[in-house]
Each structure stands twice: as structure tokens, then as C-alpha cells.
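Dear colleague,

I am handing over the structure we spoke about, with the sequence alongside. Below it you will find a description of what was found, arranged by topic.

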Amino acid sequence: MLSRGLANDEGAHGAAEQQATEQTPRSPAVLVKALCAEIAACRSAVVAFSGGIDSTVVLKLAADVLGERALGVSGLSPAVAPAEAAEAERLGHQLGARLLFAETAELRRPGYVANGPDRCFHCKTELYAVCRAIADEHGLACILNGTNADDVGDWRPGLAAATEARVRSPLLACGMTKREVRAVAAHLGLPNWDKPALACLASRLPYGTRVTSERLAAVDAVERHLLGLGFRQVRARHHGDLVRLEVEPERVADLVALGAVGALDGPTRDAGFLHWSIEAEGFRSGRLNDTLTRIP
């Protein structure tokens, strides 16, 4: 492992994508039919839309089933990478769905800024409060999200926020794993069916490190540089003066080679970091949760 700093012994939370459990395969057509039935039962809905594959499937089918009675809502805040917001807008147009962007104020929530293991609860509570206000304003009955069956196997405090806000999860209701979601997305011809797992920028900060707009901007700048170098699955983990870099495991050697010729020094320094290191294992979702001694 090539590094400019400390060894890699911890990381931050990433979006979980676990292997699908063994079961009799269900065809995408069957799954689409089941999803449409779940969505139709809502009669009208706001879809919490991040631009990720899960919420894209839900928004696509909600638009098909509910038409004008479906509205995608994407949150805007310093924790959302500007490139992801732009991608969500493009996707919304491609899906033919109504889409609304709304400012969220999680950085004004002390529980979120403190960045404890329950950070996602405070983030999702803010998002769903915004979605509920929009749903009420537009006379829409339900709030839908993109939670799938694999998500319940990891530490996901945001699920508790969804329960409190009475958010419905069509993918979870149909027992769909991430693998099945991708299969359905490919079946529907969605352009992001193979998009890597994502998580908000705050997930790059270890638990206990206060969330600030400056720290979020720093990791976004480094990740944009890595994406510009041709990597697809990237994380820039913020550890004070040190940034720990993760890319897809099969391309760690490529990143090491770039680091050896100085291609990482300038961009990390410009983002405010004094040192960088490369995670030898490559990207792994949920790495920060390794530090939790107990998950209720």
C-alpha cells in the first residue's frame, strides 16, 4: 500500500449492498408486477428520490402507475454532491417523472452535526419531514422510499426514521434484494441499472467527527478528482489532516501507480489535506460500522 500518512485501520460508512440470499429466482417481470401493485395501493405518492438505483426503480414505476399523482422529491444540501443532484435531474427527465428539488436543513439538526452512529436517523427525519410537507401541499397521500431487503441486514438508523414518518418501502414489501433491483432496472431499460452504491458525503466522516459544510466539500473535491481519473466506486474518508482513498478493489493497483507519480498530491492538498493514504482492500461498504461494538 502506498501512502502519505497513517495506516488504514478504519473507514466511514458507505451504502450497504450485501449479497442476495439464496432463493428461487424471480423474473423481473414478476417483480415489476408486484411492485406496481404495491405502488398502486398508495393512489398518490411522493417518492424520496436520490438518483440511486433503488429510488430510480420506485420513481419510474410510480410515474408509470400513478402518472401525475406521483412526484419525485430530491433533497439539496451540502451533504449531496452537486454532480449527484445534476444526475438526479437528468434521470427524472429521462423517466418522464415529475421531479422537485427541495432544500433540506440537516446541518441545523444537532444530532446530525454531532455525527454519532444515529446520524442517518436525523438526516432521514429531516428529509421525510420535507417530503411530508410537500406531499401535503400537493395533496399526495404516501411517501415512498427505495429501501430494499438487503438494507435491513446492516446498521441503518434511517429505517427507524422511515417507520416514524410512516414511509412505505415497495422494494422491501416485495422482499427484493439489491441484485433483484438491478435486474428489474435492467429489464426496464434504466440507464443507471449498474450504478455503484452511493451514500451521502457525511458518510465519509468517522462517527464523532462533527459534520460541517467545509468537510463535506473537501471530500467531494477529492472524490471528483478520483472520478475524473476514471474510477467508478470511490470514497474519500476524512480523518482530519489525512484523507483515506478507496476505489474498486480490482483497481487499487492503478491508484497506487497514480499516487507514485504524484497524481494525488495536488488535489488532496488543494482540498485541505496534508496527507493521503490508499485503502489496500479497496472500497467496502459499511466499513465504519466495524467500529460499532453492538448493533441493536
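Predicted model: local features only at pLDDT ≥ 70, side-chain atom pairs only at ≥ 80, totals over all residues.

**The sheet and its surroundings**

Strand S3 is mostly covered, in that six of its seven residues are buried.

Strand S3 belongs to an open sheet of four strands, which are arranged in the order S4-S3-S2-S5 and pair in the parallel sense. Strand S4, residues 99–103, and strand S5, residues 142–144, stand at the edges with a single partner strand each, so one side of each has no neighbour in the sheet. On average, and with direction ignored, neighbouring strands of this sheet are turned by 30° against each other.

Within the sheet, the pairing of S2 with S3 is parallel and runs over four bridges, and Ala48 has Val73 as its bridge partner in S3.

Helix H5, residues 119–138, lies across S2, S3, S4 and S5, and runs at about 155° to S2.

**Salt bridges**

A search of the whole structure finds 14 salt bridges, and three of those found are described here.

In one of them, the side chains of Arg109 and Glu126 meet at 2.8 Å, taken from N to O. Arg109 lies in the loop between S4 and helix H4 (residues 110–114), whereas Glu126 is in helix H5, so this pair ties together parts that are 17 residues apart in sequence. Arg109 is partly exposed, with a relative accessible area of 27%, while Glu126, with a relative accessible area of 10%, is buried.

Another salt bridge is formed by the side chains of Asp220 and Arg224, with 3.2 Å from N to O. Both residues lie in helix H9, which spans residues 213–228, and they are four residues apart, about one turn of the helix. Asp220 is buried at a relative accessible area of 9%, whereas Arg224 is partly exposed at 48%.

Asp254 forms a salt bridge with Arg251, and the closest N and O atoms of this pair are 2.9 Å apart. Asp254 counts as partly exposed at 36% relative accessibility, and Arg251 is also partly exposed, with a relative accessible area of 23%.

**A contact between two helices**

How do helices H1 and H8 pack, and at what angle? Helix H1, residues 28–40, and helix H8, residues 178–188, pack at an angle of about 95°, with 9 Å between their axes, and that angle makes H1 roughly perpendicular to H8. On the side of H1 the contact is made by Pro28, Ala29, Leu31 and Val32, and on the side of H8 by Glu180, Ala183, Val184, His187 and Leu188. By residue type, the contact of H1 with H8 divides into seven nonpolar residues, one polar and one charged.

With best regards

Notes: Residues numbered from 1 in each chain as written. Heavy atoms only, no water. Pairing = 2+ DSSP bridges. Axes fitted to C-alpha atoms, helices over the stretch in contact; angles between N-to-C directions. Contact = heavy atoms within 4.5 Å. Salt bridge = Lys/Arg side-chain N within 4 Å of Asp/Glu carboxyl O. Buried < 20%, exposed > 50% of the residue type's maximum accessible area, 1.4 Å probe, protein only. Parallel < 35°, antiparallel > 145°, perpendicular 65-115°, else oblique. Nonpolar A, V, L, I, M, F, W, Y, C, P; charged D, E, K, R; others polar.
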